[in-house]
There are 2 protein chains.
Amino acid sequence: MQQSCEEIKHIFLMLKNIDRQVTQNFEKRTGISLTRYEMLHTLLTKGQLSQIELQQFLKIDQAAITRHLKILEEKSFVIRTRNKQNNREVIVQITDTGKSVLGDCDLDRKQFFDEMFNNFTDQDIKHLQLLVRKLKDNTELKFI
Amino acid sequence: MQQSCEEIKHIFLMLKNIDRQVTQNFEKRTGISLTRYEMLHTLLTKGQLSQIELQQFLKIDQAAITRHLKILEEKSFVIRTRNKQNNREVIVQITDTGKSVLGDCDLDRKQFFDEMFNNFTDQDIKHLQLLVRKLKDNTELKFI
DNA sequence: GTAATACAATTGACTAGTCAACTATTGTTT
DNA sequence: AAACAATAGTTGACTAGTCAATTGTATTAC
């Protein structure tokens, strides 16, 4: 590892821009924010969850979770109820409306990501996945 | 390109988290935000620039540029003066204080990025750089 | 069984970005 | 020369995240 520090910084600056672009355009295309999409998707595949559990999957701040859920609840995409066994917890469930919204944006979502990676080979994607995962593991270990 | 869309989405979600972590911890470590560091660094290497030119290098919104410069100016890291040849433009210059701040955080910056990539081979980094650049080019072409 | 502690969620104040509306200056048309 | 358009910067209102303080509930210790 003797790569120049400048180049590494440059990689991060590019990542920053990519993240912004993707986040912004995912919502424009599908009509739902990437984070809220992921919340619904998580609730669909994992079933009902407490907010803490959602937070652990999404890895964003609790406060952000609360606020996103408020929006999703207003649109009737999720239902929130206190856990009778433990009144501290809020149990979050996706509604049928929520499920159909997920289904609706499915095509757009696929197209979006396909276009984004249309000039990538399967090898490229595998590689990228591997490297990004490694980087993610580093950040998680470093910053605790 | 027949990778599952889920995996691609997952790559982006990881990128999101990495970006947040890096941004946050860069500032904790060096005492200056990554974006403002990059502004100073750009001014150091390219010389004095108008805000539009800075915006083109940094690729963030004009409004964000204005606000970051306000902070850097308050700390006397930059000086801003109207261009006499074209009074619409503001010419931004790094000060000696600014330069010394850049120098001061250099070691921290190097350590930070080195730690982040300590288990990456030179090959890995080259690869990552290549793939990220490709992705960046895609976003820039797609979203205009 | 009460006091202290821990936990889940919420709220407020903050940062960094976006877009859109505005101001001031410059350049162009006629 | 006056009107209009384009450009550079600023400001306000918004989004999505952060952290810290608060509230309410459950658990533990004595």
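The pLDDT is the predictor's confidence in each residue, on a scale from 0 to 100. In this predicted model, chain A has a mean pLDDT of 93, and 96% of its residues reach 70 or more. Among the elements of chain A, the highest mean pLDDT, 98, belongs to helix α4 (residues 62–74), and the lowest, 89, to helix α6 (residues 106–116). Where pLDDT is low, the predicted coordinates should not be read in detail.

In chain B, helix α3 spans residues 51–58 and has Gln51(B), Leu54(B) and Leu58(B) as buried residues. These residues lie on the same side of α3(B), because the arc that they cover around the axis is only 55 degrees. The buried residues of α3(B) pack against elements of both chains: α1 (5–30) of chain A and, from chain B, α2 (34–46), β1 (49–50), α4 (62–74), β2 (78–83) and β3 (86–94). Just after α3(B), a positive phi of about 60 degrees is found at Lys59(B).

Rolling a probe the size of a water molecule over the atoms shows where empty space is left. The search gave one cavity of 30 Å³ or more, and the volume of the largest cavity is about 30 Å³. Its lining consists of Phe12(A), Leu15(A) and Lys16(A) from chain A, together with Asp19(B), Val22(B), Thr23(B) and Leu34(B) from chain B. At least two residues of this lining are supplied by α1 of chain A, and at least two by α1 (5–30) of chain B. By residue type, the lining of the largest cavity comprises four nonpolar, one polar and two charged residues.

Conventions
Residues are numbered from 1 along each chain as its sequence is written. Chains are lettered from A and ligands numbered from 1 in the order in which they are written. This is a predicted model: local features need pLDDT of at least 70, side-chain atom pairs count only at pLDDT 80 or more; totals for chains, interfaces and linings use all residues. Side-chain values use heavy atoms; hydrogens and water are left out. Buried means under 20% relative accessible area, exposed over 50%, partly exposed in between (1.4 Å probe, protein chains only). Helices (H or I, at least four residues) and strands (E, at least two) are DSSP runs, numbered from the N terminus. The arc is that of the directions from the helix axis to the C-beta atoms. Contact means heavy atoms within 4.5 Å. On a 1 Å grid over the protein atoms alone, a cavity is a set of points where a 1.4 Å probe fits but cannot get out, and a pocket is an open set with protein on both sides within 12 Å along at least five of seven lines; lining residues have an atom within 4 Å of a point. Grid points are joined across faces, edges and corners, and a volume is the space filled by probe spheres set on the points. Ala, Val, Leu, Ile, Met, Phe, Trp, Tyr, Cys and Pro count as nonpolar, Asp, Glu, Lys and Arg as charged, and the others, Gly among them, as polar.
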